[in-house]
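Reader: I'm new to this one. Please walk me through it.

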Amino acid sequence: HINEAAGRVGAATLTDEPLMELVYAILLFGIGGAIVFNCGASSGGTDIIALILKKFTRLNVGMALMIIDMVIVLISCYTFSLEIGLFSVLGLFTKSFLLDGVIESLGKTKYITIITENHDIISDYILKVINHGYTIYDAEGGYTHKPKKVLVTVCKRNEALKLKMKIHQVDPTAFVIITDANEILGK
């Protein structure tokens with residue numbers, strides 16, 4: 001019975017290299033699934049249960065999906081063969097970490113600190129073009145003792161790139177710090 005089931009599974013493969021097929025399956029679902037989840041959608045199946053778990057618990061999507069899929073993997077170990085089960089476990093763990101990594105990088109925001117003497121044009125650009133707010137406060141150059149303004153804002157990765165280019169155009173001597181923002185609360 002087990003050999004017949006394993007034979008049926010083997011007949012559905014594209015190549016004789018199960019590891020290569022596993023790698024491509026992980027890449028396709030990990031990246032594709034992350035794009036789908038990032039839009040707040042689902043591809044159906046166990047994804048729906050994972051999104052529900054994410055909503056009502058502190059689990060991220062990849063971990064919730066891994067827990068749900070682990071049940072299916074354990075059944076495959078019993079139903080098909082130990083080899084198929086072990087490949088499934090390897091794929092499951094790898095897919096979960098890849099999924100979370102891609103989701104995190106897609107939604108990355110940047111925390112930007114700008115120290116400049118030409119704050120008017122930059123702050124106007126942040127408000128009107130990037131369409132974000134900012135915080136501004138007074139500062140003094142430690143070496144020159146000249147008055148400066150410090151602007152702080154948070155924006156998406158592509159917006160940060162546009163802002164960085166605008167800052168360089170307006171004030172090439174501005175001091176700019178751009179870091180990843182892991183969590184943002186409030187307005």
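Reader: Which exposed residues does α6 carry on the face turned away from its buried side?
Author: Asp-120, Lys-128 and Val-129. Exposed means over 50% relative accessible area, buried under 20%, and partly exposed in between, with a 1.4 Å probe and protein chains only. This is a predicted model: local features need pLDDT of at least 70, side-chain atom pairs need 80 or more, and totals for chains, interfaces and linings use all residues. Residues are numbered from 1 along each chain as its sequence is written, and side-chain values use heavy atoms, without hydrogens or water.

Reader: And which residues of α6 are buried?
Author: In α6, residues 119-130, the buried ones are His-119, Ile-122, Ser-123, Tyr-125, Ile-126 and Ile-130. Down the axis of α6 they fall within an arc of 155°, so they line one face of the helix. Helices here are DSSP runs of H or I with at least four residues; strands are runs of E with at least two, and both are numbered from the N terminus.

Reader: What covers the buried residues?
Author: The cover includes the strands β1 (109-116), β2 (135-140) and β3 (147-156), plus helix α7 (157-170). Just after α6, Asn-131 has a positive phi of about 65°.

Reader: Now Glu-159. Buried or exposed?
Author: Glu-159 is buried, at 18% relative accessible area. It lies in α7. Leaving out residues up to four places away in sequence, Glu-159 touches Ile-130 and His-132; contact means heavy atoms within 4.5 Å.

Reader: How far apart are Glu-159 and Asn-131?
Author: They are 28 residues apart in sequence and 9.5 Å apart in space, C-alpha to C-alpha.

Reader: New topic. At what angle do α4 and α5 pack?
Author: About 170°, with axes 9 Å apart. That makes α4 roughly antiparallel to α5. Angles over 145 degrees count as that, under 35 as roughly parallel, 65 to 115 as roughly perpendicular, and the rest as oblique.

Reader: Which residues meet there?
Author: Among them are Val-61, Leu-65 and Val-73 in α4, and Leu-86, Phe-93 and Ile-103 in α5.

Reader: And α3 with α4: how do their axes cross?
Author: The axes of α3 (residues 46-56) and α4 (residues 61-79) come within 8 Å and cross at roughly 130°. That makes α3 oblique to α4.

Reader: Which residues make that contact?
Author: From α3, they include Ile-49, Leu-53 and Lys-54. From α4, they include Ala-64, Ile-68 and Ile-72.

Note on methods: Arc of directions from axis to C-beta. Axes fitted to C-alpha atoms, helices over the stretch in contact; angles between N-to-C directions.
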